[in-house]
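Work through the exercises below with the structure open beside you, and try each task before you read its solution.

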Amino acid sequence: METGTEAKIHKYVKAQIDLLAKEDRVLDQSSSKAQLAQLRRGIGKSPGELPELWGVFLKNMPEELMGKDGKPSYAEWAVYTALTLFALHQQGHSVPMNEEGEENRLGRAMRKLVRSTEDEENIRRKLSIAARSDDMAELSYHLKTLVRLFGNHDIRLDYVELAKDLYWFQFENQADQIRLKWGQDFYRFAETKDNGRGRER
């Protein structure tokens with residue numbers, strides 16, 4: 001069950017992505033393309049560092065999610081990182097690359113990159129490196145690499161769920177739980193999918 005903050009993050013990120021890419025035709029509009037391009041420039045930077053992005057990730061944000069005295073809150077970090085990564089993922093695609101659902105959570109999306117038993121360890125290592133990040137700047141850097149892989153292979157990601165994960169990742173007593181969730185999702189149904197005795201659901 002979502003906490004109050006989680007629910008607000010969920011609703012806000014979903015609304016912002018819907019504005020950017022609710023329908024295929026929206027992605028062809030110059031205003032949407034311009035906002036996505038602006039968001040891409042924000043990858044690797046802290047929330048608020050680029051004033052031109054204020055309206056893209058702060059407009060209509062619930063006050064409870066905002067930080068105080070110019071310091072980004074955990075929620076702002078989560079929303080900002082999710083939206084900038086979505087903008088990167090969306091580049092070069094005419095259909096929305098965000099898709100909500102358990103099968104599109106981060107660990108499951110990484111599993112879809114595994115094409116053979118030979119490359120499983122390489123893909124798992126990339127996820128593991130990201131999961132071992134010490135802060136949001138480092139995590140954002142590693143997630144950028146993963147998102148590029150998703151884009152290259154037309155794999156969608158649940159950015160609403162990712163935003164909530166990023167929020168909890170910043171709490172020392174919750175980070176390991178998020179790491180384990182990513183690992184569990186990576187290996188969930190892996191045996192039946194990979195050996196042909198079943199299928200991933």
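## Exercises on side-chain contacts

E99 is partly exposed, its relative accessible area being 31%, where buried means under 20%, exposed over 50% and partly exposed in between, with a 1.4 Å probe and protein chains only. The model is predicted, so local features need pLDDT of at least 70 and side-chain atom pairs count only at pLDDT 80 or more, while totals for chains, interfaces and linings use all residues. Residues are numbered from 1 along each chain as its sequence is written, and side-chain values use heavy atoms, with hydrogens and water left out.

**Exercise 1.** Find the residue whose side chain meets that of E99 in a salt bridge.

*Solution.* Start from the rule, by which a side-chain nitrogen of Lys or Arg must lie within 4 Å of a carboxyl oxygen of Asp or Glu. The side chain of E99 meets that of R156, at 3.2 Å from N to O. Finally, R156 is partly exposed, with a relative accessible area of 30%.

**Exercise 2.** Decide which residue forms a salt bridge with D176, and where the two lie.

*Solution.* The partner of D176 is R179, and their closest N and O atoms are 2.8 Å apart. Both D176 and R179 belong to helix α9, where they are 3 residues apart, about one turn of the helix. As for accessibility, D176 counts as exposed at 55%, whereas R179 is partly exposed at 25%.

**Exercise 3.** Describe the aromatic pair that Y74 and F171 form, and say which parts of the chain the pair ties together.

*Solution.* Rings of Phe, Tyr and Trp (its six-membered ring) pair if their centres lie within 6.5 Å, and planes under 30 degrees apart count as stacked, over 60 as edge-to-face and the rest as tilted. For Y74 and F171 the centres are 4.8 Å apart and the planes stand at 90°, which is edge-to-face. Y74 lies in helix α4 (residues 74-90) and F171 in the loop between α8 (159-169) and α9 (175-187), so the pair ties together parts that are 97 residues apart in sequence. F171 also pairs with Y167, and because the centres are 5.2 Å apart with the planes at 70°, this pair is edge-to-face. Ring pairs link Y74, Y167, W168 and F171 into a cluster.

Note on methods. Helix = DSSP H or I, 4+ residues; strand = E, 2+ residues; numbered from the N terminus.
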